[in-house]
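Me: I'd like a close look at one part of this model, with some context for the whole chain first.

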Amino acid sequence: MIDARVYRRILLGCAFLAAYVALDYVSYVKPYRGLGITPWNPPPGLSIAAVFLGGWFYAPFVLIAPAVADLLIRGAALGAKLELILSLAIGSTYLAGGLALQRIATFDPRFRFVRDAITMIGVAVSTALVASALYVVILLYSGTIFQTEVVAVAWRAAVGDIIGILVVAPLVFMAVTYRPWPKPDALAFVQLLAIFGTLAIVFGYQDATAFQLFYLLFLPLLWIALRYGPPGAAVALLLIQIGLIIGAEIRFGPDPGLGALQVLMIALAITGLIVSTIVAEREDTAARLRDQQASINRALRIRSAGEVAATIAHEINQPLTALSTYAGIAAKAMEDGRFDLVTRAVAKIKAESVRANEVLQGIRELLRQGTLTKRTIDLRSKLEELEMLLGEDLEKKGIRLVMLVEPDFPLLKADGVQLQQAVHNLIVNSAEAILEVGRGGTIVVNVAATGDDDARIEVQDDGPGFPPGFDVNEPAPFTTTKPEGSGLGLAVARSIAEAHGGNLTIVTSSRGSRVAMKLPIEREADEQDR
């Protein structure tokens, strides 16, 4: 029988094809000579987004999607063979663009940084230029277009693809990965009216051309981008693009004036994406500053705890002194046969013991600095102990724990207890992150020796990653992303790695996080030589 996951993947692929054809249909406005060249071509944006989010699974669907759309919408006017060649050429370009974007580790599909917008713009421009060049070359050698048309066809195809990618791809990315979406308020309705009103002025004011008034559209776009960040800018760009299509049809009729307007639309889309990511970046910076300030406040409270250490000692000393006194009274009363006094003294001892315990329970140890006790350890056996300790419980919660240790991994000179505790902290952090999104997942612990005689212990999960604003370069103690967390897990793991002469690095995205400890391999022979 076919696995249910296979059916689900096939359904997702069919849904992609349906969405591709639908976008091609609604954007088939003012085509050049009946070809699939339009001023706005959103299907490439959908293809790149699908490949980025789903990987190679979408490759066959992306490759045949242009041919399916041409068959259903334009009746395969160029012939089945030529349509298939064009589909494979253009589809492979979109596939390569999505895979290239997937391999850029710094790209965040939530568009939290300016570099994300610049990366998206670069991929959109390069992919569109390659696709248009392939399209023109194939049409030229097939005799479909004349040599004098090459520049015009290539230009129209590139502009339509660029604006299609810049409008659709970011919107799909954020619809899938951005959580939580900003909640629209009453002002959002006013901003929506501002977009429609500006479009009405651009295309309705007869004493000026649409090109002269186009720059008015920057006002509502920037207003929305500044208030709602990347999600708001993506939605606003889509609404403006749809408005341009409708307005150009009304204002220009059969005249292809929309093509020239789309060049200005590219500038508008680039501006909206960059401004919105600047807003998101400032929000992340502000969040990071708040976390750092909270860490400083906690550190000051801990320092204050040291200043009242004498008072705590006094509070403990009082019940201890009373215990000694009442014990002496009870012993003397036993010798004299005064059992009623013994009973009262024992009751007092019990009460003072309870008081001492309450004082101790009120003292919370915030940070414990231990010393390393290095011994020769088998890291594989330490990880197997962790798997026995955590594996069954994680499996009940829908999380699979995988331990991968390379076969010839050597014995290490290290503090096994602290190293095991560090990996334990990282696994627990990953599990809690996965459970926060309400689904199962996988945690992989990978141990290998690197070429420069170092050991690399890597804990990777497919959870939501660290939240925006979290300082992955230097996680501060007592800075936590969980309501009940102490903020010590990563800081302790980092301290243990550094105490062994190594370091800790964090890589995060919306598709998960990867925390790696790099330790020098200190073998027994090295220790004897020293």
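What does the accessible surface of the chain come to, and what share of it belongs to carbon and sulfur atoms? After that, please zoom in on where helix 5 meets helix 6.

Reply: The accessible surface (Shrake-Rupley, 1.4 Å probe) is about 27,400 Å², and carbon and sulfur atoms account for 61% of it. Keep in mind that this is a predicted model, where local features need pLDDT of at least 70 and side-chain atom pairs 80 or more, while totals use all residues. Numbering starts from 1 along each chain, and side-chain values use heavy atoms, without hydrogens or water.

The chain has 16 helices and seven strands (DSSP runs of at least four residues for helices, at least two for strands). Of its 530 residues, 44% are buried (under 20% relative accessible area). Take contacts (heavy atoms within 4.5 Å) between residues at least 6 apart in sequence: 74% of those join residues at least 24 apart.

Now for your helix pair. Helix 5 covers residues 114-141 and helix 6 covers residues 150-177. Their axes (lines fitted to C-alpha atoms over the stretch in contact, angles 0 to 180 degrees between N-to-C directions) come within 8 Å and cross at roughly 145°. On the helix 5 side, the meeting residues are M120, I121, A124, V125, A128, L129, A131, S132, V136 and L140. Facing them from helix 6 are V150, V153, A154, A157, A158, D161, I162, I165, L166, A169, P170 and F173. By class, that contact splits into 20 nonpolar residues, one polar and one charged (Asp, Glu, Lys and Arg count as charged; Ala, Val, Leu, Ile, Met, Phe, Trp, Tyr, Cys and Pro as nonpolar; the rest as polar).

Methods
Buried < 20%, exposed > 50% of the residue type's maximum accessible area, 1.4 Å probe, protein only.
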